[in-house]
Every structure is written in C-alpha cells, then in structure tokens.
Amino acid sequence: MSQVPADLRYTRSHEWVRQLPDGSVEVGITDHAQAALGDLVFVEVPEGGRTVGSGDAFAVVESVKAASDVYAPIAGEVISGNDALATRPELINEEPYGQGYIARLRPGSAAEIEGLLDAAQYTAHLASEA
Amino acid sequence: MRQTEPVIFELSRPGRSARSQQPAAAQVNIPESLKRRQPPRLPEVSELQAVRHYTRLSQLNFSIDTNFYPLGSCTMKYNPKVCNSLAMLPEFLARHPLAPESTGQGFLSCMYELQGMLEAVTGMKAVSLTPMAGAQGEFAGVAMIRAYHRARGDLQRDEIIVPEAAHGTNPATATMCGMKVREIPCGEDGDVDVAALEAALGPRTAGIMLTNPSTLGVFERRIRDIAAKVHAAGGLLYYDGANLNAILGKVRPGDMGFDVIHMNLHKTFSTPHGGGGPGSGAVGVSERLRPFLPVPVVGRDGGRYRWLDERDLPQTIGRLSGFMGNAGVLLRAYVYMRILGREGMREVAEYSTLNANYLLARLRAIGYEPAYPGRRASHEFIITLQRQAREQGVTAMDFAKRLLDHGYHAPTTYFPLLVPECLLIEPTETEAREELDGFIAAMASLLEEASREPEKLKGAPWTTPVRRLDDVRAARQLDLTWQASPAA
Amino acid sequence: MSYIPHTEEDVRLMLETIGADSIEALFDEIPPELKIKELSGIPPALGEMEVARMMHERAARDGRPLNFIGAGAYEHHIPAPVWAITTRGEIYSAYTPYQAEASQGTLQVIYEYQSMMAALTGMEVSNASLYDGASGLAEACLMAVRAHRRSSSSRILIPRTVNPTYRSCVEAIAGTQGLQFVDLPYVRESGRIDLTALDALAGDDVTALVLQQPNFFGQLEDVDALVNWAHERGALVIAVVNPTSLALLKPPGEWGSRGVDIACGEGQPLGVPLSSGGPYFGFLTTRSQHVRQMPGRIVGRTVDLEGRPGFTLTLQAREQHIRRGKATSNICTNQGLLMTAATIYMSLLGPTGLERVAAACMERTGQLVEALTRVPGVRPAFTGARFHEAVLQMDRPVGPVLEGLAARGIVGGLDLSRSHPELGHALLTCATETRTAEDIEHYAASLAEVLRSVQAA
C-alpha cells in the first residue's frame, strides 16, 4: 500500500501540498504516483518567479518509458524549484514527501488549499481508481 | 562466436592507419585564427582491424536475412538483393543531384515511372517522392492540409483528429505543423467510434489522420461513411500508409475517400530498414491538393524528363530536403515494383494476410488470447497477455525477450498503447509455412514455461550477446561518447 | 513476380487451419464495392534478368560525366570496405534497435558514431543522425527555440551566405511553428557576412544565429567574431559545417570564446555516394546541457544484468512514441545505414587520412580556380580564404555554358543566377581529392572551347 501522510493535501492527479509556517507551500507527487511511474531518470522543475494557474502543467517527470506532466495543485508564484532533482531524480522515488518535493510556491489564496482532498479523501480516490 | 567487441577507440594506436586510403599530402595555407589546433580524436586502426571490427559488430544483430522478424507495423519482409545491387550501379551512385537534367534522363525516367506506379496502386492523382521518411511524409501531408485551408481563407481550421490507437508520430506531426490534436476513442470491435468522431467534427476541423487497416490489425469497415462525414464538415482525410502492405492491389486509399497519403517505401516496397533508416515517405494526393505538393517532382515535357520546382508549383509547401529526397531508396523501390508487376502487388496483400490469419488461428488454438477475437486479421494482429501477467506475473516484455533465445525477433510490444500487455505480430508474405510453424512451436513452449518456470521468461534473454540492459542507469548516468577512461 | 514461398499444398493447409475457403475470403470485412477489379497503370512483372538489363541500360544513358559541382554534396573517394560492410544483411536488413539485446551491433556503431562526431565538431554530445543536412538545420532551429527559454521572439538570423536550399527547407519545416527568419547580408567583395550589418540589429531579441563554415560560396567566415557577437547579445549559435573541412578548420566547439551551442551539417562527404541527392544523413551535436532538447535517437552505454557493458537507446521519453503530441520532433528514424557507412569511413581515414583529404580538396580547388580564370572572360568573384569551393564570374549567362560542358561530359558547377542574381553570371564550382591535374586541365580546355562556341552562336 502506498503512503498517504495525514498532514498533507492532495489532488486527483496525484500531487500533494504541504503548508509551511511562513505561508508558502511545498508541492510534490505522491508515493502512489512515483510507484506507478517507476524509476525516475529526469525531472524538469519550474523556475523561480514563474506564475502558475491551478491545473497548469508546471513540471515534467520522466521514467525510462514514460514522461508525465505534473500539474500545479493551486495557483500561485513559484518561489523555487527543487534543484537537487537535477542530479538526483531518484529522490522522488526514495522520499516522495520529503527531499523529493518538486517546488515551493507562494499560494494565490489560502482558501484554494482547503478545497483540495484530505488524506482520507485521497485514499478513497486511490481505492476507486484501482 | 565472440559475444562482445571492444569500442573501436580501444583498438586505436597513435601512428597506425589504413595507408592505402590516404591521398598524398598537400600543402595548404589557412589563416591561423581558423586552423584546427588538435587533430580530431578519430580512431587510428589498420584496414583489417576496421573490417574485422565492423563485421563482428554486424554479427551481434538480428536481421531479416538471418532471423524471422515478426515486428508488427514494421513490415519486415525480404529486401531483395537485386534492388540493392541495381540501385548501386556506378552511374547512379556517381550522379550529382544538381547535375543538368540532360545527364540524368535514365535516372529521372525511373523516378517518373515510380510516381506513376504509386499513383496507380494507391488511387491518388499525383505523387511527390521527396519526403525522406514516413514521419516526413506525414509532415508533408498535414502541411498540405493546412496550406489547402489557408489558400481558401479558411483560417480557423486548426484541429487534427487522431484515433487513440494511432502511431505516436501522428499527434507529434500535427503539433509540428502548428495544429491542435483531438484524440477520439475506438470501439470494442477496434473500429473508430463514429459517434465520438461526429462530436469532434466542426468548423475547426482541418482533417483526420487514419491508418487502414488500423494499428489494431483490423480493417475500418465504415471508412466510406467516415470519409463522407469528415468531408461534409469541411475537413480532409489523411491516410497513414503504415499498413498499406495489407491491401496492396486489393483496395486503394483514393477509392476509400482519402485526400492525402504517405507511403512507407521501406515497408510496403521492401527498401531496407538499415538498422533505423533510411526510410522513404513518398506522398500521394487527390486533385485538390496537387498544387501544394512538396518539390521537386519529376515532370515530362515532350520526351524529356525534368524537375518541377517552385516555378511550376507556386503554392508548394516547399522543400523538405537539401536535394530531392532519398533517391537511392527510391531506385530500390522502383526495381521492386517492376519485379512484382501488376499481379505481384495483389499477391503481397493476399499472402501477408494469409500468413497473419494462419498464425492467429494457430496461436489461438494453443491458448493465446486475441485482442479482437471477432475480427479477421489484416496482415497483422494483436494478442494480449493480460491473463499471464495477472496469473503468472510474466509480461509481454518477458515473452518478447524469451523469443530472442529461440532466434526469433520479438514482435512489437506495448503498441498500440490501449491494449494491455500486447504483442503486435506481422509475419509478412515472404515467410514460408515452416518458418511460421517454428515460431508457433516456440510460442507454445513459452506458454508452458510461463506456468512451470516463469523465471525462464522473467530473466530472458539468456543467449544473446548481452542480457537485459540497465535502462535506468543509461538514462541517469549518461555515457553517450567514448572517453579514454569512462566513468565507472 | 513476388517473393512468395507458398506451394499450393501450403495454401490448402493454411486455409484449412484458418477455416476459410479461399484467400479471397480473408478479405470479407472489406466492403465489396471498394475492391479493385483491375489494377491498371502497373506494368507486367519482370524477372531479375530483365529488370537488370533495363536498369543497366538506363544507368548507361546517364553515363559518368566528370563532376565539378559541390553545393552541399561532394564527390570523395569511398574506401571499398565501407559499402562492402554496410550492405551486409545483418546491417542492411535490421530494424531500429528497440530490442537492445538483439541489436548490439547497430547500437555500438551508433555509440562510436556519436563519439566520432562529437570529437570532429568539438562538441560534447551527438544524436544518432537525422535525415540530411538541410532538414537537420530545421531541427537545429527548432531545438534552439526550445533550449533558449529566455528568448521570446523565436527569431533566427540566417545569413545570405548559408546554402539557399537549406534556408527554404528550414522555412518549410520550422516555419509552421511560428519561427521568424531574418536575413543577414554579405560583403560583395569577400563573399562573407557583413559584420557592419550586425549593428542594425542591436537591441533586437534574437534566439539564434546560423553560421555556415565554409559558407555556401566556399569562403571562410570570421566565425570567432560572429560567435562572440551573438553570445554577447544572449543569442545561441548554430553552426552548419562540412565534416571533411573539420580535419583542418577550427571546430565549432572552439569558435569564439566559448564555442557554438549546436553544430549540424550534411554527413554525405563521409563515405556516402552522391547518388542523385540521397540517401544522405544529417549530423547534430551540442553541449551536454542541451542534450534533452536534441531531436532524434541517442544511444548510451550501460551494463546488463550480469554487469557486462552494453548499449541501449536512451532519453527516449523525449521521442514521439512516448511523448506523442509533446515530443521534441516527429522524427522516428535516423539514417542508420548511412551513419554506419560514415563510421566505417572515419575509422579507415583516421585523423591523418581525413586531414589529407581536406588538404587535397583545398589544393585542387586552388588549382581549378587558377586554371579556369586563365580562360578569357572568367574571373574569381571573391577575394579571401576559401575551402574547397569557389564562385567564378563569367561575361555571359552560365546556363548555356553548363549545357555546352555537359555535352562534353563535364558537369561544370552550379549556376547561381537564381539564388544570387546580384552576383550576375556566377558559377559555383568545386574540386575534391578525386579530381586530378589532368581532369582540371581538361575542364579548362573544354570551357575555353565552349565559351568560343557560345560566343559565336
């Protein structure tokens, strides 16, 4: 079973959001998503300063046989991409909710985060897709 | 046989060379700022060393000449030797592409007749031979559709409809032509979902790209209906010639209602695949697209052949190559078509279809599951290994790799994407029954191994020069050029 | 006469297995009204003997005139082993190496090719080849737009000293995606890019500058200054180079203070026959940082399950069969056979051999220019350093002169009146290492004869 930490918010397209104390958020792909993709070999992270809309493709993750867009879970401004992924894409496989985050964003509105799935809802979503 | 061969740079020694290949030294003056300072690091080997090295490397390959190669959608049929030897007559090889037409009438006559034969066999009204591969032919086709709408001032048509089973090149090509792609689903029986098509059609429809027989290995039965609906909506129909082998001499895309077609001469007309090229992707068009053909095209004035260019076809989509395309490949296709002749064309479709249906019937009898059981196979068919994957944990890729141990090239795996755990199998017309029977026996032994010793499949291949390669490492630790001491 | 192995007995047994009465029954899903009754327009079948005779006759009709055209395709000596090995069935009749374990030969050749092209151009990585030089430049322009994220204009500078057919091809292939192409003029006396024209572009957003070296006229550009100018303005540089020349000339990886960003060109001079224009191959090399923007196939070295070195296609997630509508290009094939020929060619020539070929070409072209300009009415169009081509000016239209030469078995060069009318009656001509002193004298004598008769007419 894939991990779904209770303190994060989720999207149906398998991204997660962590709210940080300073009001910014970390964004990544879920354990389920990394397992489905397999060993990642390349990640294209967004550049700092870029404004993204909710649902925009803002990063790309590549395995040997597939490339997938990662969608911004909420609207906002990119503070920084996770540059460590440039040389170590496997961080996403190893720690999808930690060192393998994709970017930090400054959310456009806090309310949008509240509209995302919570852990229980995401777990139910995974069960419905299986 | 040796299983590996060093990289040629490892054989290199300073000062060694293939001496008889070097012209005499000449003195030249080059401005100091434009001179190369260090000689390029090319190998320094003797002629025998080079000959032995590349001959040995060739022996590490599977090929049509050495192995049955049932690679679906690729039409790996016999490449007749005579097509190669006649295309490589010294006069043809020596001819410069920009030499006056007066010195190329023999060559041009072959090209002119080839255009005519391709028109006849596809039912199209004009042909340009210049696209250098299937994907370039596709590009030319969609670019012509775009040019047609623009010439009529119909500028809003920017959508290309593509069935989800299509080759990946179809959507990639549409994007390259600045079009938006609309994918539509296929029905349970493998035919296009006509209701979904109707919903997708509209004033923005530029055209639809179809393969028929489709990539699912079945003939699109409602093709005339589809053509009528697309035309009524103001769109044009593009025929991807990937599967033309299945219908050669039996049915013509022009009669089905297509406006533009690309042909893969390296499939249907048996020019070599060459380990991944050269291809050749001639395009054929209906009357309304003739003005937009890519140049040059061979024309005839009186008894003389000449190139038609931008002056003759001012609305052309332009040039796709530095000269006229893959002339030497076209000569091979010309020789092949002349040998086949009228009767031989029909036999290509008939016997490739016979071989496919025979293989399908026998594989089904030994327990393989066809993806479209209610349908006739065209020249190829799909089996799905979903059950084996679920019950025994062996995948289509495992079956494919194990076939290599039996000396058969793997069928196409995981294409089309919408059939899970699939093998797409295309035997072609040039395989004898005994070869097919041998393949069936191998497939039977694989089924047995899947239930008794699945590790045999999961670890395959065992007998090839190398075993399964670490693709993840290849992509993460890129080693794309030889270094004196490569990173470990 | 098709290559069908089936006996009547085979057909009977196979139909029985299928459960069909006839081969025709296998086509029962095709609507009957679509089936062809009679295939007209295709001649009757020929045997190998008949077709061979016919093709020999057609080839003989074209003969083997003495060739002095270059303009993007060059006649070089091709060592006998090159095509003897390349046409081996194991290479000729193999497919794209998707099944790596069954294709180590093809894959290793590609790896060696990539290594040689990177070395020759002074760049870090190479793809497995593209269709040809002209379409390769179109792919390079599209790649530059992808690689240069800060430039929003998609504006590419293409000097008038770049092969005009390449320019047409780039417009046809890349023009559908919103790229803009801007001319750069050349200096009439030198046939080189006009550096003073660059000032007019100051402040414009430029994505990339295309530089051909040697340029279309055979002249050598001041590449260092041009590359530095482009880089100072934040533009990328795409070099179009002749691979033979690189044995002598500074490779694009070393132009200016930090080298070009993409190098590409026509690979034909490396062991591929002229063959009326193809099949040839395009090469494309770049910096490691741009490797993921490169179109086409790429091979990498890795290890197998047992830790033995082996080769496989890599970075495939950029390609059409995975990315579909978002791929870097729709390209599927490389020009495998031609790339194989080139790899064998480069191995046989080595650094010394290729340098000797390049030097011999330069020397012969110098002798050609000297011999032809001794003929009254013919003079060089440009001053300054060149490689193995030259533009000559005549005192009368070039077309009829070339026809006169052709009638004497000489293909004298390319008439530039259509592509570069500002040069007047101009001829682009070339001599490679394959032309002897006697060939050159024969051309000069024939030209003098033709000019006398054309004048007389």
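Q: How many residues does each side give to the contact between chain C and chain A?
A: A contact of this kind is read by listing the residues on each side, and in this predicted model the contact takes seven residues from chain C and twelve residues from chain A. Between them the two chains bury about 810 Å², and 42% of that area lies on carbon and sulfur atoms.

Q: Which residues form the salt bridge between chain C and chain A, and how far apart are the closest N and O atoms?
A: The count between chain C and chain A is one salt bridge, and the partners are C:Arg292 and A:Glu62, with the closest N and O atoms 3.0 Å apart. Since a salt bridge is counted when a side-chain nitrogen of Lys or Arg is within 4 Å of a carboxyl oxygen of Asp or Glu, the value of 3.0 Å can be read against that cut-off. On the side of chain C that touches chain A, the residues divide into two nonpolar, one polar and four charged. Polar contacts between chain C and chain A come to one residue pair, counted with both residues at pLDDT 80 or more.

Q: How many residues do chain C and chain B bring to their contact, and what area is buried?
A: Here the contact takes 181 residues from chain C and 196 residues from chain B, and the area buried between chain C and chain B is about 16300 Å², with carbon and sulfur atoms giving 63% of it.

Q: What is the count of salt bridges between chain C and chain B, and which element gives the largest share of the side of chain C that touches chain B?
A: There are ten salt bridges between chain C and chain B, one of them joining C:Glu24 to B:Lys250 with the closest N and O atoms 2.6 Å apart. The count of residue pairs in polar contact between chain C and chain B is 78, with both residues at pLDDT 80 or more. The largest share of the side of chain C that touches chain B comes from helix H10 of chain C (residues 336-373), which supplies 20 residues. By residue class, that side of chain C divides into 96 nonpolar, 52 polar and 33 charged.

Q: How is a pair of aromatic rings described?
A: One gives the distance of the ring centres together with the angle of the planes. Over all chains the structure holds 21 aromatic pairs, and among them is the edge-to-face pair of B:Tyr239 and B:Phe258, at 4.9 Å centre to centre and with 80 degrees between the planes. B:Tyr239 lies in strand E5 of chain B (residues 236-241), whereas B:Phe258 lies in the loop between helix H10 (253-256) and strand E6 (260-263) of chain B, so this pair ties together parts that are 19 residues apart in sequence. B:Tyr239 is buried, at a relative accessible area of 0%, and B:Phe258 also counts as buried, at 3% relative accessibility.

Q: Which parts of chain C does the pair of C:Phe217 and C:Phe382 tie together?
A: The ring centres of C:Phe217 and C:Phe382 are 5.0 Å apart and their planes stand at 45 degrees, so this pair is tilted. C:Phe217 sits in the loop between strand E7 (208-213) and helix H8 (223-232) of chain C, and C:Phe382 in the loop between strand E13 (378-380) and strand E14 (389-394), so the pair links parts 165 residues apart in sequence. Both C:Phe217 and C:Phe382 are buried, and together with C:Tyr186 and C:Phe216 they form one aromatic cluster.

How values were computed: Residues numbered from 1 in each chain as written. Chains lettered and ligands numbered in written order. Predicted model: local features only at pLDDT ≥ 70, side-chain atom pairs only at ≥ 80, totals over all residues. Heavy atoms only, no water. Contact = heavy atoms within 4.5 Å. Buried area = accessible area lost by both parts, 1.4 Å probe. Polar contact = N/O pair within 3.5 Å; in protein donor to acceptor, adjacent residues only side chain to side chain. Nonpolar A, V, L, I, M, F, W, Y, C, P; charged D, E, K, R; others polar. Phe/Tyr/Trp six-rings, centres within 6.5 Å; stacked < 30°, edge-to-face > 60°. Helix = DSSP H or I, 4+ residues; strand = E, 2+ residues; numbered from the N terminus. Buried < 20%, exposed > 50% of the residue type's maximum accessible area, 1.4 Å probe, protein only.
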